[in-house]
Amino acid sequence: MDIEKLFEKSPLVPAIIQEADTGEILMLAYMNEESLKKTLESGYTWFFSRSRGRLWQKGETSGNVQKVVSIHADCDCDALLVKVRQAGAACHTGSRTCFFNEVKCEKQPARGLSAKKGILKKSEE
């Protein structure tokens, strides 16, 4: 795949980082073309920090690096799924994953309804 295609819509592409062995979602970060090239060349994740306005390698200060196993673009070529082997914690807070703050839904689907083919349908009991 031509990586320039990934950056036709935006200079930054969201990258979902997933533990290759368990499927656990570890973090979400952004890549620009340069950070993706560095990731492909080095075999370790590099990102673009929107707040600092610069490239950074995951684990550059903590040592909690991410060894890349595979990278896949989505069907629209505007997001990446990066499967890694994580050394240590993925989150800057020290947590294994950045996704530890549960957001509770106030409403639950009505009893007897189930999601099927993207449409809520009444289940046949």
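Me: What pattern does the protein follow, read along the sequence?
Reply: This is a predicted model, where local features need pLDDT of at least 70, side-chain atom pairs count only at pLDDT 80 or more, and totals for chains, interfaces and linings use all residues. Residues are numbered from 1 along each chain as its sequence is written, and side-chain values use heavy atoms, with hydrogens and water left out. The protein has one helix and eight strands, taken as DSSP runs numbered from the N terminus (helices H or I, at least four residues; strands E, at least two). Along the sequence that reads β-β-α-β-β-β-β-β-β.

Me: How many bridges join S1 to S2, and in which sense do they pair?
Reply: Two strands pair if DSSP finds at least two bridges between them. Gln-18 has Ile-25 in S2 as its bridge partner, and the hairpin of S1 and S2 has five residues between the strands, with Gly-23 at a positive phi near 85°. S1 and S2 have six bridges, and the sense is antiparallel.

Me: And S1 with S6: parallel or antiparallel?
Reply: Here Ala-15 stands opposite Leu-80 in S6. There are five bridges between S1 and S6, and the sense is parallel.

Me: How many of the seven residues of S1 are buried?
Reply: Buried means under 20% relative accessible area, with exposed over 50% and partly exposed in between (1.4 Å probe, protein chains only). Across the 125 residues of the protein, 34% count as buried. S1 is mostly covered, and its buried count is five.

Me: Why does Cys-77 count as buried?
Reply: Cys-77 sits in the loop between S5 (66-73) and S6, and has a positive phi of about 55° although it is not a glycine. Most residues other than glycine have a negative phi. Cys-77 counts as buried because its relative accessibility is 12%.

Me: Which residues lie closest to the centre of the largest pocket?
Reply: A pocket is an open set of points on a 1 Å grid over the protein atoms alone, where a 1.4 Å probe fits, with protein on both sides within 12 Å along at least five of seven lines; lining residues have an atom within 4 Å of a point. The largest pocket has a volume of about 450 Å³, the space filled by probe spheres set on the points, which are joined across faces, edges and corners. Of its 22 lining residues, the closest to the centre are Met-27, Arg-52, Trp-56, Lys-58 and His-92.

Me: Which strand gives the most to that lining?
Reply: S2 (25-31), S3 (46-49) and S4 (54-57) each supply at least two lining residues of the largest pocket. With four residues, the one giving the most is S2.

Me: How far apart in space are Arg-96 and Gln-86?
Reply: Arg-96 lies in the loop between S6 and S7 (113-116). Gln-86 is among the residues in contact with Arg-96, where contact means heavy atoms within 4.5 Å. The two are 10 residues apart in sequence, and their C-alpha to C-alpha distance is 9.0 Å.

Methods:
Lists of a residue's contacts leave out its neighbours within four places in sequence.
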